[in-house]
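Okay, thanks for having me.

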Amino acid sequence: MENKKEKQNNLSQPSAVDLRARSPIVVVMGHIDHGKSTLLDYIRKTNVVDKEAGGITQNISAYEVLHKSGDGVEKKITFLDTPGHEAFSKMRERGTQTADIAILVVSAEDGVKPQTKEAWKIISENKIPVIVAINKIDKSDANIEKTKTELAENEIYLENYGGKIPYVEISAKTGTGVDDLLSLIPLIAEMEGFKGNPEETASGFVLEAHLDSKRGIVATLIIKNGSLTKGMTVVVLDAICSTRIIENYKGEAVDSATFSSPIRIFGFNKIPKVGSEFMAFKNKKDAEEYIENEDNLEHSEALPPLRGKVSGEEIKKIIPILLKADVAGTLEAIEKEINKITAQNAEFKIVGRGIGPICESDIKNISDSTNIIVIGFNVKGDKSAIEMAQNREIKISFFDIIYKMTEWLTEQMEKLRPRVETIETTGRAKIIRAFSRTKERQIVGGKVLEGKLAQSGTIKIMRREFEIGRGKIVNLEKTKVKTSIVEEGNEFGMMVESKIEIVAGDVIESFNVVQK
Ligand code: GDP
């Protein structure tokens, strides 16, 4: 069996024999709305030859194009199609680790924005070659020069602008410049000299993984070196899959695939962790041995048992959530969004997570938790799970749009968080005369300085700005006539019930206790 070190070397540095040029894997990054999806869609529409063939399914998350450059030679380019929503930044980050070249899309209308900088940070940290695509040049508000200046201000130095970063001015909408962009990619790949050895067993990364109700656990992989042939066994951490079916990015069954190709395989024993490395073995026994010998295995996605009660020291109320989603990338993205929703004295805690529909065992596991929120994102619930949840009075909520889910959770947080008592001062008055007390009652006279005093209201008794006690207005009079309210500027007489004796010069403050 090949040991782990050798295998890892396979991934980063293919052995010197049989090396062949490897077509580049490209990731598109940039700020939201700067046109990443539009660009990926445009390239796919104009360059993917076979548009039928079962279509390119939503979660395949990568596609290949054949681009004919100026020299007339067709070159293959693989694009990672990671979703553009802000919540998917983690996936984009992984995209860069997986990719050979990054395209940083910057809108000429908006210039450099926070996610442009975030993407740049990831790109430079991973030291991957980059092409800047200045997009939306068809728009009347486009300001290409300003965008270049802003890029330079952020230390993204373009060719002829103090640096070496190649750039192309494009419109992802009309297609202007996209061909130039595509022509640049193989040039950079050639310069970088990406290589692979087709004779080795495949290794690469997991792009996507989910449980399909008909086909079991499905994973999209991108091969970075070697080849995968039907019958080989693929290992991702502790997840294992004998490949009986390999599909290309179009969903067509193929017998083998080699580097830079996105593929789908079926039948993992557990959901492999997205972003992790995969390795292929010619025979299953070697694969199994490899897993057994691996120490410190990180574990694949699985629904962990529910943790018990939160420690008493926590002041914050913990609202537990069980989260099921269709694919691992989405699960992680929405988890990140959920963690952003907090209140001063409460927070959500994801106590269970998993891929696939909500099933009976999920509900069984959580039946002891009180007030647990169960969310299905892009998944349904098994009939038996829904029945069981109804019997146990557990509510399941389903969503397929992230912001709808976060809006709803924000409302839930507002409903479920402990109320904080705050005191709202409604009026202040100065005591001018104070009469003697009988038992705990006392007649006083004064003037309202601000706000108002109300019959039955509670008051604080303040002496030299310190609260010395509290009381209640039992009786209120204005010009010797009983009244329910005395407004600012008016004099009053009143009977107060309190343990403290009020004296002339004290200030009383009326207040309401508000639950916020
Ligand atoms: P993403 O969030 O970066 O994936 O951005 P999208 O691709 O969703 O684009 C955001 C909006 O900008 C959409 O309404 C696009 O139609 C529009 N858009 C993207 N590229 C261009 C372009 O080159 N020109 C024009 N006029 N609109 C564009």
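So, look at Leu158: buried or exposed? Leu158 has a relative accessible area of 0%, and since the cut-off for buried is under 20%, Leu158 counts as buried. Before I go on, please keep in mind that this is a predicted model. Leu158 sits in the loop between helix 5 and strand 7.

What does Leu158 touch, if we skip residues up to four places away in sequence? The list is Val132, Ile134, Lys148, Leu151, Gly163, Lys164, Ile165 and Tyr167. Take Lys148 from that list: Lys148 is ten residues from Leu158 along the chain, and their C-alpha atoms are 7.5 Å apart.

Two other names there, Val132 and Ile134, take us to strand 6, which covers residues 130–135. Strand 6 is mostly covered, with six of its six residues buried. Now follow the side chains. In a regular strand, side chains alternate between the two faces of the sheet. Here, Val130, Val132 and Ile134 point one way, while Ile131, Ala133 and Asn135 point the other way, and all of them are buried.

Who are the neighbours of strand 6? On the strand 5 side, residues 101–107 pair with strand 6 in the parallel sense, over six bridges. If you want a pair to click on, Leu104 has Val132 as its bridge partner in strand 6. To get from strand 5 to strand 6, the chain goes through helix 4, residues 114–126, and that β-α-β crossover is right-handed.

Then there's strand 7, residues 167–169, which also pairs with strand 6 in the parallel sense, over three bridges. The pair to click on here is Ala133, whose bridge partner in strand 7 is Val168. Strand 6, helix 5 (residues 144–153) and strand 7 form a right-handed β-α-β unit. And that brings us back to Leu158, in the loop between helix 5 and strand 7.

Okay, let's zoom out for a second. The chain has eleven helices and 31 strands. Of its 516 residues, 48% are buried. And if you take contacts between residues at least 6 apart in sequence, 72% of them join residues at least 24 apart.

In soluble globular proteins, nonpolar side chains tend to be buried together. In this model the largest nonpolar core has 46 residues, and Leu228 and Leu409 have the most contacts inside it. Which element gives this core its largest share? That's helix 11, with five residues.

Let me do Leu228 quickly. Leaving out neighbours within four places in sequence, its contacts include Ala202, Ile223, Val234, Ile246, Ile263 and Ile265.

Most residues other than glycine have a negative phi. Glu393 has a positive phi, near 55 degrees. Glu393 is in the loop between helix 10 (383–391) and strand 23, and it's exposed, at 76% relative accessible area. Thr479 also has a positive phi, about 40 degrees, and isn't a glycine. Thr479 lies in the loop between strand 27 (466–478) and strand 28 (481–482), and at 70% relative accessibility it counts as exposed.

Last stop is Gly446, in strand 25, residues 441–454. How exposed or buried is Gly446? Buried, with a relative accessible area of 2%. Not counting residues up to four places away, Gly446 touches Lys430, Ile431, Ile432, Asn490, Glu491 and Phe492. And its C-alpha is 8.6 Å from that of Ala504, which is 58 residues away along the chain.

That's my tour, thanks.

Notes
Residues numbered from 1 in each chain as written. Predicted model: local features only at pLDDT ≥ 70, side-chain atom pairs only at ≥ 80, totals over all residues. Heavy atoms only, no water. Buried < 20%, exposed > 50% of the residue type's maximum accessible area, 1.4 Å probe, protein only. Helix = DSSP H or I, 4+ residues; strand = E, 2+ residues; numbered from the N terminus. Pairing = 2+ DSSP bridges. Right-handed = clockwise from strand over helix to strand, strands pointing away. Contact = heavy atoms within 4.5 Å. Core = buried A, V, L, I, M, F, W, Y, C linked by side-chain atoms within 4.5 Å.
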